Amino acid sequence: MRRRRFLQIATAAALARPAQAQTWRGQAFGADLSIQTEGAAPMAAIRAEIAAIEACFSLFQDSELARLNATGRGPGSARMRAVLALADRAYRATDGAFDPTVGGLWAALAQGRDGAAERAKIGWQHVEIAEEIRLAPGQALTLNGIVQGYAADRIAALCAQAGLGRCLIDMGEFAALGGPFRIGIEDPAAGMIGTRSLSAGALATSSPGALPLPGGSHILGPRGERPHWSTVTVEGPEAALCDAASTAFVLMDKDAITRAGRGMSLRAVTLVDFEGNLETIRL
């Protein structure tokens, strides 16, 4: 789940009791992670949760997802089914622009192949989620566009359960309890072009220039769509849906983004075009 991140902390409002402020830094999902808390974070539970998420969704180890892709079927853990349900919601809200079945195409392009055979297998509508999870023949899933947000939500829930009233979780996407926190928006071409204030919610970003693949971007249009935007930042109540939305919105025009954002109960979308112009849509 490696990708460069173009949403970063520009400034964070001072914690109410600096003597109790703590920051944890680590790595997972192929990225640097951090958690800023007011008070002691439940680090044993957080580390266990991060390990469990990687064991379920990593494409770079013997995970549940890797086994599902290899065999085309699996029982589906509760964690897997929860993320697939969120992915299905994003697929429907974005009219198919968010489609985890681009996984086979992504792998083919990363390996330098043309991906024509894998492109023909794309189609979330062919994935069966019942007593068993079944992929259509030749399909493979990638959940990179939603799992970092899911991880941020899970860590935020653990912090809330521990009674922490104010913290900022950066799992590649942001989740905040309390606030406000100032988050900078940085475009790969235009640099730092703005900031957003985040309180009690989530913020996620996607940029097609973050990780080029042979022949184009790592954000793949399931129907061959090309990116409309250089960077998309999404704010909403849940980091997982913000993560999925930011991925899909890169491929969508402004009217479609507005409709989908309202359907997903998001708060705002900031768009940066390929000339560096910034616009925020309030939903």
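User: In this predicted model, which residues is Phe249 in contact with, leaving aside neighbours within four places in sequence?

Analyst: Phe249 is in contact with Thr94, Trp229, Val232, Val234, Ile257, Ala260, Gly261, Leu266 and Val269. Contact here requires heavy atoms within 4.5 Å.

User: Which residues touch the most other members of the largest nonpolar core?

Analyst: Ile146, Met171 and Phe249 do, in a core of 69 residues. Helix α6 (residues 144-161) gives the most to this core: nine residues. Another core, of seven residues, lies apart from it and includes Leu168, Phe181, Ile183 and Leu203.

User: Why is Thr205 called buried?

Analyst: Its relative accessibility is 7%. Buried means under 20%. Therefore Thr205 counts as buried. Thr205 lies in strand β11 (residues 201-206).

User: What makes the pairing of the Thr205 and Thr233 side chains a polar contact?

Analyst: The distance is 3.2 Å. The cut-off for a pair of N or O atoms is within 3.5 Å, so the Thr205–Thr233 pair qualifies as a polar contact. The side chain of Thr205 also reaches the backbone oxygen of Val232, at 3.0 Å.

User: Gly221 is in the loop between β13 (216-217) and β14 (231-236). How do you know whether Gly221 is buried or exposed?

Analyst: Set its 4% relative accessibility against the limit of under 20%. Gly221 therefore counts as buried.

User: What does Gly221 touch, not counting residues up to four places away in sequence?

Analyst: Arg119 and Leu251. As for Val250, 29 residues separate it from Gly221 in sequence, and the C-alpha to C-alpha distance is 9.3 Å.

Methods. Residues numbered from 1 in each chain as written. Predicted model: local features only at pLDDT ≥ 70, side-chain atom pairs only at ≥ 80, totals over all residues. Heavy atoms only, no water. Core = buried A, V, L, I, M, F, W, Y, C linked by side-chain atoms within 4.5 Å. Buried < 20%, exposed > 50% of the residue type's maximum accessible area, 1.4 Å probe, protein only. Helix = DSSP H or I, 4+ residues; strand = E, 2+ residues; numbered from the N terminus. Polar contact = N/O pair within 3.5 Å; in protein donor to acceptor, adjacent residues only side chain to side chain.
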